[in-house]
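The sequence and the structure are shown first.

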Amino acid sequence: MAENVLENSILIARRLAVESAIESVVESSMSGPYAPAMELAREILLAGGKRIRPVLTLLAYDLAGGENQDEVMDFAVATELIHTATLIHDDIYDGAKLRRGVQTLHEKHGLDHAIIGGDFLFVMGFGIGGRYEERIVRIMAETCAAIAAGELKQIQHISDLSTTPEDYYEIVRGKTAGPFASACECA
């Protein structure tokens with residue numbers, strides 16, 4: 001029982017640290033030249049979410065013997081910015097009305113603004129994650145390319161009754177498993 005409480009408190013602490021770091025990125029962007037783009041994206045970014053990718057990044061860093069989370073926090077935040085960008089774009093493809101309990105960007109502001117909001121978060125994620133060594137940036141780029149390939153494959157298989165389990169697994173690897181794996185590997 002005490003072990004579960006400790007594990008839960010570690011997860012809560014990591015998530016709170018991630019939330020704080022994301023809020024700092026939003027705040028710093030709200031006073032600069034990118035304020036209009038961040039104004040557009042911040043509601044969905046701050047609407048919550050599980051923050052699994054950045055928390056896994058921090059936990060993987062801990063398991064690898066890391067001692068100063070500040071060394072990896074920017075990367076953790078970058079994973080969440082990129083993930084949220086993919087959600088904004090995914091909501092457009094799916095015609096979703098809500099995300100994280102709030103109206104989707106394309107529903108609230110229109111398609112053009114939603115695309116720009118998603119693109120902005122991609123760029124922000126790469127800008128922050130691009131501060132790391134070349135190997136990590138390459139992994140980030142490969143992961144994002146796999147996300148795009150997975151999304152295209154998913155679009156090809158909408159209403160396709162001939163979709164195989166292998167097709168499905170390829171989609172999941174590109175859109176979900178790959179980002180989890182690369183976040184842990186980079187940490």
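Predicted model: local features only at pLDDT ≥ 70, side-chain atom pairs only at ≥ 80, totals over all residues.

## Helix packing and overall fold

On the α4 side the contact involves Phe75, Thr79 and Asp90, which meet Lys175, Ser182, Ala183 and Cys186 of α8. Sorted by class, the residues of this contact are three nonpolar, two polar and two charged.

A second pair, helix α2 (residues 35-45) and helix α6 (residues 111-129), packs at an angle of about 85° with axes 9 Å apart, and this angle makes α2 roughly perpendicular to α6. From α2 the contact draws on Ala37, Met38, Leu40, Ala41 and Leu45, and from α6 on His113, Gly117, Phe120, Leu121 and Met124. The class count for this contact is eight nonpolar and two polar residues, with no charged residue.

The two pairs are set out below.

| Helix pair | Angle between axes | Distance between axes |
|---|---|---|
| α2 and α6 | about 85° | 9 Å |

Helix α4 also holds Tyr93, a residue that counts as partly exposed because its relative accessibility is 44%. Between the C-alpha atoms of Tyr93 and Glu142 the distance in space is 22 Å, while the two residues are separated by 49 residues in sequence.

Taken as a whole, the protein contains eight helices and two strands, and its elements follow the order α-α-α-α-β-β-α-α-α-α from the N terminus on. Its radius of gyration is 17 Å, close to the 16 Å that the globule rule gives for 187 residues, so the protein is as compact as a globular protein of that length. Along the principal axes, the C-alpha atoms fill a box of roughly 45 × 45 × 40 Å.

Of the 187 residues, 41% count as buried, and the accessible surface comes to about 10,200 Å², with 58% of that surface belonging to carbon and sulfur atoms. As for how the chain meets itself, among the contacts between residues at least 6 apart in sequence, 66% join residues that are at least 24 apart.

Definitions and conventions:
Residues numbered from 1 in each chain as written. Heavy atoms only, no water. Axes fitted to C-alpha atoms, helices over the stretch in contact; angles between N-to-C directions. Helix = DSSP H or I, 4+ residues; strand = E, 2+ residues; numbered from the N terminus. Parallel < 35°, antiparallel > 145°, perpendicular 65-115°, else oblique. Contact = heavy atoms within 4.5 Å. Nonpolar A, V, L, I, M, F, W, Y, C, P; charged D, E, K, R; others polar. Rg over C-alpha atoms; globule rule 2.2 N^0.38 Å. Buried < 20%, exposed > 50% of the residue type's maximum accessible area, 1.4 Å probe, protein only. Areas by Shrake-Rupley, 256 points an atom, 1.4 Å probe, with all protein chains shown as cover.
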